[in-house]
Amino acid sequence: MEQLDKQTRTELEAAAFRRLLKHLDDNKDVQNIDLMILADFCRNCLSKWLVTAAEERHIELDLESAREHVYGMPYSEWKTHHQPPATDEQLKALEARQKAKENASS
């Protein structure tokens with residue numbers, strides 16, 4: 001990637017990001033909590049990262065607009081149709097992941 005000019009690299013990274021969003025959209029059964037447990041990020045993180053990137057460039061982008069882009073629909077609609085309540089097992093796994101991170105950083 002170092003041999004690529006900045007514009008080409010940006011275009012490739014943007015294409016990969018769009019593909020990630022499509023992959024997540026095609027796999028709505030993969031819950032955000034499962035992503036957090038496995039990879040320490042989720043669709044909401046991607047939305048927040050978009051807002052942060054916009055802020056760094058002095059571009060106004062509100063979180064709800066970013067979420068709608070990432071989710072492909074309003075966040076409230078996605079939650080209603082695709083997000084069941086977290087199970088006790090998922091909550092325990094997420095808590096264990098967070099504790100492991102805290103222990104690793106201390």
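Colleague: Against which helices do the buried residues of α4 pack?
Modeller: In this predicted model, the buried residues of α4 are A66, R67, V70 and Y71. These buried residues of α4 pack against α1, α2, α3 and α5.

Colleague: Within what arc do the buried residues of α4 fall, seen down its axis?
Modeller: A66, R67, V70 and Y71 are buried in α4. An α-helix has 3.6 residues a turn, so residues three or four places apart point the same way. The buried residues of α4 line one face of the helix, because, seen down its axis, they fall within an arc of 120°.

Colleague: Which residues does Y71 touch, not counting residues up to four places away in sequence?
Modeller: Y71 is among the buried residues of α4. Leaving aside residues up to four places away in sequence, Y71 touches D25, N32, R43, N44, S47 and W78.

Colleague: Which element gives the largest share of the largest nonpolar core?
Modeller: The largest nonpolar core has 16 residues, and those with the most contacts inside it are M36, C42, C45, L46, V70, Y71 and L94. Two or more residues of this core come from each of α1, α2, α3, α4 and α5. The largest share, 4 residues, is that of α2.

Colleague: Which element gives the most to the lining of the largest pocket?
Modeller: The largest pocket holds about 330 Å³ of space. Its lining consists of T10, E13, A14, F17, R18, L46, W49, L50, A53 and H69, divided into 6 nonpolar, 2 polar and 2 charged residues. At least two lining residues come from each of α1 and α3. The most, 5 residues, come from α1.

Technical notes. Residues are numbered from 1 along each chain as its sequence is written. This is a predicted model: local features need pLDDT of at least 70, side-chain atom pairs count only at pLDDT 80 or more; totals for chains, interfaces and linings use all residues. Side-chain values use heavy atoms; hydrogens and water are left out. On a 1 Å grid over the protein atoms alone, a cavity is a set of points where a 1.4 Å probe fits but cannot get out, and a pocket is an open set with protein on both sides within 12 Å along at least five of seven lines; lining residues have an atom within 4 Å of a point. Grid points are joined across faces, edges and corners, and a volume is the space filled by probe spheres set on the points. Ala, Val, Leu, Ile, Met, Phe, Trp, Tyr, Cys and Pro count as nonpolar, Asp, Glu, Lys and Arg as charged, and the others, Gly among them, as polar. A nonpolar core is a set of buried Ala, Val, Leu, Ile, Met, Phe, Trp, Tyr and Cys residues joined through side-chain atoms within 4.5 Å. Buried means under 20% relative accessible area, exposed over 50%, partly exposed in between (1.4 Å probe, protein chains only). Contact means heavy atoms within 4.5 Å. The arc is that of the directions from the helix axis to the C-beta atoms.
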